[in-house]
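Visitor: I'd like a close look at one part of this model. Could you walk me through it once it's on screen?

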Amino acid sequence: DEKRRAKQKFQFMESKLCTKKVNIEKKCDQIEVMNLQIKELAEQVEACKAERDEVKKHYDDVMNKEGNVIAKLKFQVEILDKKVTARMAEHEQTVAKYNEVKQKGKEEIYNKDLLIQRLDFDTARVEKSIPKIEADLVILEQMASK
């Protein structure tokens with residue numbers, strides 16, 4: 001609120017001074033007044049050029065800093081992309097090895113299961129055939145002893 005009041009006071013003073021200046025200029029020689037106005041305009045142009053140069057320098061500085069930040073970020077993104085690509089390849093190799101080991105394990109289990117089934121089948125067959133062979137041996141021994 002104080003800044004607003006101070007601004008209004010300065011604007012009022014400026015307005016008063018401009019009015020006073022215009023009234024005095026009306027009383028003076030117009031050529032001298034024009035020369036004075038041209039001189040004031042030249043000073044304003046120089047001030048604007050200086051301000052423009054400062055703004056351009058500040059803009060260039062900010063853009064340079066931002067460009068450096070962007071370049072660093074792009075570099076980091078490239079490095080991280082390379083790391084991710086390497087990790088993805090490593091992951092794919094690991095998954096392939098896992099699947100290979102898993103398949104070998106399944107085959108080994110399947111082969112062992114087949115062996116166990118074959119052993120069970122052979123054991124059952126032998127258990128059935130042993131009494132028949134023993135009975136046949138008894139008959140054959142009787143036939144051989146006659």
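Which residues in helix 1 meet which residues in helix 2?

Guide: This is a predicted model, so local features need pLDDT of at least 70 and side-chain atom pairs count only at pLDDT 80 or more, while totals for chains, interfaces and linings use all residues. Residues are numbered from 1 along each chain as its sequence is written, and side-chain values use heavy atoms, leaving out hydrogens and water.

On the helix 1 side you've got Lys21, Glu25 and Lys26, and they meet Gln30, Val33, Gln37 and Glu40 of helix 2; contact means heavy atoms within 4.5 Å. Helices here are DSSP runs (H or I, at least four residues), numbered from the N terminus. Sorted by type, the contact has four charged residues (Asp, Glu, Lys, Arg), one nonpolar (Ala, Val, Leu, Ile, Met, Phe, Trp, Tyr, Cys, Pro) and two polar (the others, Gly among them).

The axes, lines fitted to C-alpha atoms over the stretch in contact, come within 8 Å and cross at roughly 140°. Angles run from 0 to 180 degrees between N-to-C directions. That makes helix 1 oblique to helix 2, as under 35 degrees is roughly parallel, over 145 roughly antiparallel, 65 to 115 roughly perpendicular and the rest oblique.

Overall, the chain has two helices and zero strands, and its C-alpha trace spans about 170 × 35 × 20 Å along its principal axes.
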